[in-house]
Amino acid sequence: MEKKNRYVKDMTQGNAAKLLLQFAVPLFIGNVFQQLYNMVDSVIVGQFVGENALGAIGTTGSLHFFFFSLVGGLSVGIGIIVSQFFGAENAERVKDTIGNAVWIISICSLIMATIGFFAARFLLLLLNTDKLILKDAVAYLKVTSVGICCMGMYNGVSSILRALGDSKTPLKFLIFASFLNVILDLIFVLVFHWGVVGAGVATAFSQFISAITCIFYAYRSNTYFRLKKRNLKLQLYIVKKSLRLGVPVALQNALIAFSLIVLQAIVNSYGAVFTTAFTIVSRIEQLIQQPFMSLGAALSTYTGQNIGAREYKRVVKGFNSATRMSSVFAVGVMVIFWIFTPYIVSIFGHDATVLGIAVDGLRITSCFYIFLGLIYTTRNVLNGAGDAMFSLFTGIVECIGRVGLAYPLTLIPFMGSYGVFYATGITWLLNGMFSLVRYKMGKWRRINIVQKKDESTE
């Protein structure tokens with residue numbers, strides 16, 4: 001039976017907390033290194049090119065996330081299907097899903113990369129991007145949009161590997177690519193003087209390397225990736241399931257991205273100094289979210305496999321363990337940020353005004369991290385069970401929260417521009433509570449995405 005492949009992990013047996021940690025730790029390390037792509041860009045550009053160049057990189061983040069949202073959502077949907085077929089011990093369907101994923105991810109990545117490249121300047125102008133940083137922002141967004149094809153390849157194969165319980169293989173090549181990114185950043189920015197374009201090229205090329213090496217290694221080491229011609233044939237059955245699960249997640253990501261775009265427009269209206277400070281807060285919070293994301297991804301795989309095996313009580317145990325771990329981490333980080341934030345933000349530059357705003361912003365949002373963790377645990381257990389339509393609802397809540405609260409809160413005298421940070425925190429609170437209510441309702445128990453092998457009539 002293919003479950004005995006040493007590069008996969010059966011999560012339908014054993015201690016839930018231990019399995020989640022074993023899966024999440026390598027994934028966390030990988031996510032941290034992936035965030036180093038952007039973090040290194042920010043540090044090197046901020047230190048050696050200037051604060052305005054750093055602001056240019058930061059102002060493109062929400063747009064890049066928007067362009068990648070469809071690809072990322074479909075990768076999640078494909079991963080859910082793979083994990084449930086694996087839990088149901090239906091190896092042939094796992095291979096069919098992987099084969100169809102090649103077409104789905106490739107086509108979507110190419111489409112979104114093309115849109116991002118040609119619409120970059122127009123969209124940045126709509127965001128009221130400061131003229132001081134517009135040229136650099138357009139150049140950086142064009143380069144990173146091309147990189148969506150590389151990101152799509154890597155995220156697609158890593159999502160499948162995670163669904164099979166393997167969080168270590170993607171890590172190996174991501175670490176290599178992260179170090180490569182640092183070296184290329186230094187060469188392109190400090191030696192060739194390419195500025196933000198150099199940082200973007202370094203990131204895109206590093207992502208390409210991580211994608212190619214991970215795919216090659218997966219083919220050589222994991223029997224599920226040794227596809228036959230019939231597995232590569234497009235099957236409406238698989239495509240429909242991928243779209244059914246992936247599109248709601250993609251739309252959720254798109255709505256979140258849209259809310260971030262609106263928030264970025266409000267931030268940009270306060271000038272380059274505030275934009276740069278907001279960029280620093282965003283970069284640090286992207287790193288802080290990695291443990292939540294890693295634990296959530298582990299829980300999604302764990303849930304998918306156990307739903308496929310009809311082990312519903314184990315799903316509850318996994319959710320409870322993950323929620324306890326995320327809550328402890330959230331409280332710990334909040335305490336650290338209230339004490340040590342001035343030292344943390346200082347690595348991004350020297351401007352006292354910029355750094356002062358960033359310190360206050362991080363202290364505000366850190367008070368809401370416990371709800372951010374709750375979002376990741378509840379959302380991923382629901383996604384893993386196949387309740388993907390709720391992802392769309394959470395995207396709507398997040399969009400309404402940020403869009404509806406950001407500007408009004410900035411009008412409150414004692415908040416002013418800091419209203420954008422309060423809007424983010426309150427949005428996390430609302431989304432976390434709505435997600436918890438959905439989980440407690442128990443609809444996820446009644447969703448049937450795949451059949452066990454011995455139940456199949458095909």
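The legends below describe close-up views of a predicted model. Local features need pLDDT of at least 70 and side-chain atom pairs count only at pLDDT 80 or more, while totals for chains, interfaces and linings use all residues. Residues are numbered from 1 along each chain as its sequence is written, and side-chain values use heavy atoms, with hydrogens and water left out.

**View 1**
Helix 3 covers residues 61-87; helices (H or I, at least four residues) are DSSP runs numbered from the N terminus. The end C-alpha atoms of helix 3 are 36 Å apart, in agreement with the 39 Å that its 27 residues should span at 1.5 Å a residue. The expected span is 1.5 Å times one less than the number of residues. At Ser69, helix 3 bends by about 45°, the bend being the angle between axes fitted to the seven residues ending there and the seven starting there. Buried means under 20% relative accessible area, exposed over 50%, and partly exposed in between (1.4 Å probe, protein chains only).

**View 1. A nonpolar surface patch.**
Phe48, Val49, Ile183, Leu186, Ile187, Leu190, Val191, Phe192 and Trp194 make a nonpolar surface patch of about 810 Å². Such patches are made of residues with over 30% relative accessible area and no salt bridge, with nonpolar side chains (Val, Leu, Ile, Met, Phe, Trp, Tyr) joined within 5 Å. Helix 7 (residues 169-191) supplies the largest share of the patch, five residues. Val191 lies in helix 7 and is exposed, at a relative accessible area of 53%.

Arg93 and Asp96 form a salt bridge (3.5 Å, N to O). The term requires a side-chain nitrogen of Lys or Arg within 4 Å of a carboxyl oxygen of Asp or Glu, and the count by this rule comes to five. Both residues lie in helix 4 (residues 91-126), three residues apart, about one turn of the helix. Asp96 is buried at 7% relative accessibility, and Arg93 is buried at 11%.

Salt bridges link Arg379, Glu398 and Arg402 in a network. Between Glu398 and Arg379, the closest N and O atoms are 3.8 Å apart. Arg379 belongs to helix 13 (residues 369-385) and Glu398 to helix 14 (residues 389-410), so this pair ties together parts that are 19 residues apart in sequence. Glu398 also meets Arg402 in a salt bridge of 2.7 Å, N to O. Arg402 and Glu398 are four residues apart in helix 14, about one helical turn. Glu398 and Arg379 are both buried, and Arg402 is buried with a relative accessible area of 6%.

Notes. Helices (H or I, at least four residues) and strands (E, at least two) are DSSP runs, numbered from the N terminus. Patches are made of residues with over 30% relative accessible area and no salt bridge: like charges are joined within 9 Å, nonpolar side chains (Val, Leu, Ile, Met, Phe, Trp, Tyr) within 5 Å. Accessible areas come from the Shrake-Rupley method with a 1.4 Å probe; for residues, only the protein chains shown count as cover.
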